[in-house]
Amino acid sequence: MSTLIKVTFSATSGEEVSGKAQIDRAQGIVTLPARFSISIDRARNAGERFEIVAHDNGYKYPLVHQDADRYALEAASRRRDGFWHQAWRAITEPHKDQRQQYGRFAHTLSAAAMIGLAGYLKSMPAWSLHAAWELFCFFLCGAVLFVVGAVLSKGD
Amino acid sequence: MFGVALLVLTGAISAFLLWADRNGRRVHKD
């Protein structure tokens with residue numbers, strides 16, 4: 001088990017600080033580094049509301065102040081995003097890796113269109129305007145999906 | 001008809017993927 005845990009500080013001012021903090025897992029005590037304390041003091045002095053959350057094993061734990069820079073994990077209030085919430089966010093707000101996977105999906109569809117084109121070309125009995133139009137559609141689909149896949153695979 | 005359906009489907013998939021990509025970049029800034 002790691003002795004470090006990811007912690008996020010968020011304030012109503014819009015300030016957000018993320019980083020690692022030391023955790024004593026036996027007692028459930030997190031010791032925040034100094035830069036968190038600075039943000040907390042600044043929010044307190046400005047009268048802003050704020051929350052400090054620890055992230056562990058997919059769960060979010062609210063941190064409750066104990067003394068100085070020591071905070072307790074509130075295990076009873078831990079929460080985790082449900083499957084449907086995660087699925088919705090994967091579709092509407094994909095992360096970098098997810099966007100790259102979507103790019104690969106577009107390239108797979110592009111390859112399928114090219115294979116479809118070749119299959120159509122070999123199986124058509126004779127050339128006609130209709131056949132040429134459908135071959136053109138296959139090619140256009142492949143080209144468009146290739147470009148879309150390239151944009152999604154940009155990686156930043 | 002098949003060709004038009006193929007183009008419409010491709011357009012819909014492309015538009016959706018590009019929209020999701022732009023949304024993801026805007027939200028996560030990663």
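Helix axes here are lines fitted to C-alpha atoms over the stretch in contact, and angles run from 0 to 180 degrees between N-to-C directions. Helices themselves are DSSP runs of H or I of at least four residues, and strands are E runs of at least two, numbered from the N terminus.

This is a predicted model, in which local features need pLDDT of at least 70, side-chain atom pairs count only at pLDDT 80 or more, and totals for chains, interfaces and linings use all residues. Residues are numbered from 1 along each chain as its sequence is written, and chains are lettered from A and ligands numbered from 1 in the order in which they are written.

Confidence next. The predictor assigns the complex an ipTM of 0.91 and a pTM of 0.67.

Now the helix pair. α3(A) and α4(A) have axes 8 Å apart and pack at an angle of about 160°. They are therefore roughly antiparallel to each other, the word for angles over 145 degrees. The crossing of α3(A) past α4(A) is left-handed, meaning that the near helix is turned anticlockwise from the far one by less than a right angle. Residues of this helix contact comprise 16 nonpolar, 7 polar and 3 charged.

Last, the chain contact. Chain A contributes 21 residues and chain B 16 residues, where contact means C-beta atoms, placed from the backbone, within 7 Å. On the chain A side, α2 (83-92), α3 (96-123) and α4 (129-152) each supply at least two residues. The largest share, 11 residues, comes from α4(A). That side of chain A divides into 15 nonpolar, 2 polar and 4 charged residues; Ala, Val, Leu, Ile, Met, Phe, Trp, Tyr, Cys and Pro count as nonpolar, Asp, Glu, Lys and Arg as charged, and the others, Gly among them, as polar.

Notes:
Two residues are in contact if their C-beta atoms, placed from the backbone, lie within 7 Å. Angles under 35 degrees count as roughly parallel, over 145 as roughly antiparallel, 65 to 115 as roughly perpendicular and the rest as oblique.
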